[in-house]
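Visitor: Please show me the model. I would like to go through it by question and answer.

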Amino acid sequence: MDFEIRISGTRDGEPLTPAHLDIDEWITFMENAKNMLSPDKKERPKITARVEEGSVRFIFTTIPALVIQANALLGAVKESKQLTTLNLKQRESTRFFQKFANKHQLTVTLGRPNTLKEGLVIDRQTEWEESNPIWVKTELFLDGKITNIGGKSKANVHLDTKDFGNLTIAASEKYLAADKKNRIYKQQRVRIELMQNPEDLSYDFKSARLVEFIDYEDIQKENVDDYLAQLIKKSAKDWENVENSEEWLKEIRGYE
């Protein structure tokens, strides 16, 4: 099934054609199209692409499920003027198309080729109604290499992770001073607190704070049930004013 992203307008005083696009523009459009169709699938289905004239028509072919889902989400965006129904990567791609349209005074249209007139149109007049993001405190276990500990004015730990890159994690000066183990340039597991957006499950790593270092030799000794009981007890007060937690979570995450 096909999905189309069409760019229309003029460049250099001429109607836009594929020949007017720079190679970097081709690459970024392909990457953002992939994120729009398959934003969170590590083992995604095959997506093929071709470019046709008629302004510039990027046409992507993949399994019907991906096209139908993306088209439905874009329909919801068109109706609501909000990006909250989209996955984080889909939001970033949509904002990329908007910045591109604004910068070059072009129009970008996304949707099914046979019903593109009903698709999502993005141009210089496009505005999204942004809702205030909701953040909740959560905990996360991370593995990585510690590259620095301390700080003159603000105590922190620098952790080089595989999944999230280099992180600066705030820490208690008292906790670091009491730690007798040399952890610099060694692999380490840490437990941190940070804020997470329950809508798209993204993390705000600027809010990360060290709870504790976890030594690998102690991991097998940890009682999972006791740890979960501690988390439940700790978070119970945050749910006191929520009458129906399941319904609240469904609403936050945009479920029907």
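Guide: Questions and answers on this model follow.

Guide: This is a predicted model, in which local features need pLDDT of at least 70, side-chain atom pairs count only at pLDDT 80 or more, and totals for chains, interfaces and linings use all residues. Residues are numbered from 1 along each chain as its sequence is written, and side-chain values use heavy atoms, with hydrogens and water left out.

Visitor: How many helices and strands are in the protein chain?
Guide: Helices (H or I, at least four residues) and strands (E, at least two) are DSSP runs, numbered from the N terminus. On that basis the protein chain has seven helices and twelve strands.

Visitor: What share of the residues of the protein chain count as buried?
Guide: Buried means under 20% relative accessible area, exposed over 50%, and partly exposed in between, with a 1.4 Å probe and protein chains only. The protein chain has 256 residues, and the buried share is 34%.

Visitor: What percentage of contacts with a separation of 6 or more is between residues 24 or more positions apart?
Guide: Contact means heavy atoms within 4.5 Å. In the protein chain, among contacts with a separation of 6 or more, residues 24 or more positions apart account for 62%.

Visitor: Which residue in E5 stands opposite phenylalanine 3?
Guide: E1 (residues 2-8) and E5 (residues 56-61) pair in the antiparallel sense over six bridges. Arginine 6 has arginine 57 in E5 as its bridge partner. Opposite phenylalanine 3 stands phenylalanine 60.

Visitor: Which residue in E6 is the bridge partner of serine 8?
Guide: E1 also pairs with E6, in the antiparallel sense, over five bridges. In E6, serine 8 is bridged to threonine 107.

Visitor: At what angle do the axes of H1 and H3 cross?
Guide: Two packed helices are described by the angle between their axes and the distance between the axes. The axes of H1 (residues 23-37) and H3 (residues 88-104) come within 8 Å. They cross at roughly 145°.

Visitor: Which residues of H1 make the contact with H3?
Guide: On the H3 side, the contacting residues include Phe96, Phe97 and Phe100. On the H1 side they are Glu25, Thr28, Phe29, Asn32, Ala33, Asn35 and Met36.

Visitor: How far apart are the end C-alpha atoms of H3?
Guide: The expected span of a helix is 1.5 Å times one less than its number of residues. The 17 residues of H3 should therefore span 24 Å. The end C-alpha atoms agree with this, at a distance of 25 Å.

Visitor: Which elements do the buried residues of H3 pack against?
Guide: The buried residues are Gln90, Arg91, Ser93, Thr94, Phe97, Gln98, Phe100 and Ala101. They pack against E1, E2 (10-11), H1, H2, E6 and E7.

Visitor: Is aspartate 12 buried or exposed?
Guide: Aspartate 12 is found in the loop between E2 and E3 (14-15). Its phi is positive, about 55°, although it is not a glycine. At a relative accessible area of 68%, aspartate 12 is exposed.

Visitor: What is the relative accessibility of serine 55?
Guide: Serine 55 lies in the loop between E4 and E5. Its phi is positive, about 65°, although it is not a glycine. Serine 55 counts as partly exposed, at 23%.

Visitor: Which residue in E12 stands opposite valine 190?
Guide: E11 (residues 187-196) is mostly covered, with seven of its ten residues buried. E11 and E12 (residues 203-214) pair in the antiparallel sense over seven bridges. Opposite valine 190 stands phenylalanine 213.

Key: Axes fitted to C-alpha atoms, helices over the stretch in contact; angles between N-to-C directions. Pairing = 2+ DSSP bridges.
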